[in-house]
Amino acid sequence: MTLSRHGQVFLLTLHHADNRFNYESCKAILAALDEIERVVKQEDPTRSEPWALVTTGQDRIYSNGLELEKVLPHMLDFCTNYYHP
């Protein structure tokens, strides 16, 4: 995935064929959100300006859901710490 910025709009693009959520993809998304938060706090500490995040997939699939074979054995940990912290 890539994170780019156009003024006060961030664009997070998912690049895998089906963009299934697993530990790695969720960690990357959380890292991108942390980076966005860092930039906004640094550049607009009073949050007086509007900011936006647009997420998009590549090709025709945004996300094909969870990659169950990777996350199912540890579903509680995955959901609590990565998918919906």
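The questions and answers below concern this predicted model.

Q: Why is Cys26 called buried?
A: The term buried applies under 20% relative accessible area. Cys26 has a relative accessibility of 5%, and therefore counts as buried.

Q: What makes Cys79 buried, exposed or partly exposed?
A: Partly exposed lies between the limit for buried, under 20%, and the limit for exposed, over 50%. Cys79 has a relative accessibility of 27%, so the residue counts as partly exposed.

Q: Why is Glu67 called buried, and which residues does Glu67 touch?
A: The relative accessible area of Glu67 is 13%, which is to be set against the cut-off of under 20%; Glu67 is therefore buried. Glu67 is placed in the loop between strand S3 (52-57) and helix H2 (68-71). Not counting residues up to four places away in sequence, Glu67 touches Arg20, Phe21 and Asn22.

Q: What makes up the largest nonpolar core?
A: A nonpolar core is a set of buried residues of nonpolar types, Cys among them, joined through side-chain atoms within 4.5 Å. The largest such core has nine residues: Leu12, Leu14, Phe21, Tyr23, Cys26, Ile29, Ala32, Val71 and Phe78. Strand S2 (9-14) and helix H1 (23-43) each supply at least two residues of this core, and H1 gives the most, with four. Leaving aside neighbours within four places in sequence, Ala32 is in contact with Leu3 and Leu12.

Q: Why are strand S1 (2-6) and S3 called edge strands?
A: The open sheet of three strands has the order S1-S2-S3, with mixed pairing. S1 and S3 each pair on one side only, and are the edge strands. Neighbouring strands of this sheet are turned by 20° against each other on average, direction ignored.

Q: Where does H1 lie?
A: H1 lies across S1, S2 and S3, and runs at about 170° to S2.

Note on methods
Residues numbered from 1 in each chain as written. Predicted model: local features only at pLDDT ≥ 70, side-chain atom pairs only at ≥ 80, totals over all residues. Heavy atoms only, no water. Buried < 20%, exposed > 50% of the residue type's maximum accessible area, 1.4 Å probe, protein only. Contact = heavy atoms within 4.5 Å. Pairing = 2+ DSSP bridges. Axes fitted to C-alpha atoms, helices over the stretch in contact; angles between N-to-C directions.
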